[in-house]
Amino acid sequence: MRYLAVLVICLTLAACGAKPTPTPPRALGVGEQWLPAANWGDNMLCAGTGYVGEFRLHGAAGDSRLAWMIRPDGTRTELAWPVGFSARFNPALQVLDGQGRVVASEGSIVQGGCGTADPGVTSPDFTTPAP
């Protein structure tokens, strides 16, 4: 009986800690790959920050992250995206939103972004006006 109680407690705790994986809103098109989804942790709030300078989007089909941002000083910043965003290389990078519309492409200026729960990973914004 004691083992059964321990098993029930363990299964209950495991279920409480598990977060459901979000389901993308559409099927991938030809040549598309899902971009890594942003991990917001327990905080879904993001006010966004406008960037000063040319923060540019780059990508490669053979890179595990598919798309990243290069800062004005030349350093790379990893990016994470809303669920349902994808990349295709036709031949250059194009980023598609959850409805399949192209929202950015190779060399696009990243206007701003929000930090995520993953260290060093930012969620980009292509619409925030620069400060």
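Which charged end sits over the ring of Trp 68? I looked this up and found that of Arg 76, 4.0 Å from the ring centre; a charge sits over a ring if NZ of Lys or CZ of Arg is within 6 Å of the ring centre and within 35 degrees of the ring normal.

I note that the model is predicted, that local features need pLDDT of at least 70 and side-chain atom pairs 80 or more, and that totals for chains, interfaces and linings use all residues. Residues are numbered from 1 along each chain as its sequence is written, and side-chain values use heavy atoms, without hydrogens and water.

I next looked up the aromatic pairs and found three (ring centres of Phe, Tyr or the six-membered ring of Trp within 6.5 Å; planes under 30 degrees apart are stacked, over 60 edge-to-face, the rest tilted). Tyr 51 and Phe 55 are stacked, at 4.4 Å centre to centre and 25 degrees between the planes. Tyr 51 is buried at 14% relative accessibility, and Phe 55 is buried at 8% (buried is under 20% relative accessible area, exposed over 50%, partly exposed in between, with a 1.4 Å probe and protein chains only).

Trp 81 and Phe 85 are also stacked, at 6.1 Å and 25 degrees. I recorded Trp 81 as buried at 1% and Phe 85 as buried at 17%. Together with Phe 126, Trp 81 and Phe 85 form one aromatic cluster.

Lastly, I traced the open, mixed sheet of six strands, ordered 2-9-10-5-4-3 (strands are DSSP runs of E, at least two residues, numbered from the N terminus; two strands pair if DSSP finds at least two bridges between them). Its edge strands are strand 2 (49-50) and strand 3 (56-59). Strands 9 and 10 run antiparallel, joined by four bridges, and Gly 115 stands opposite Thr 122 in strand 10.
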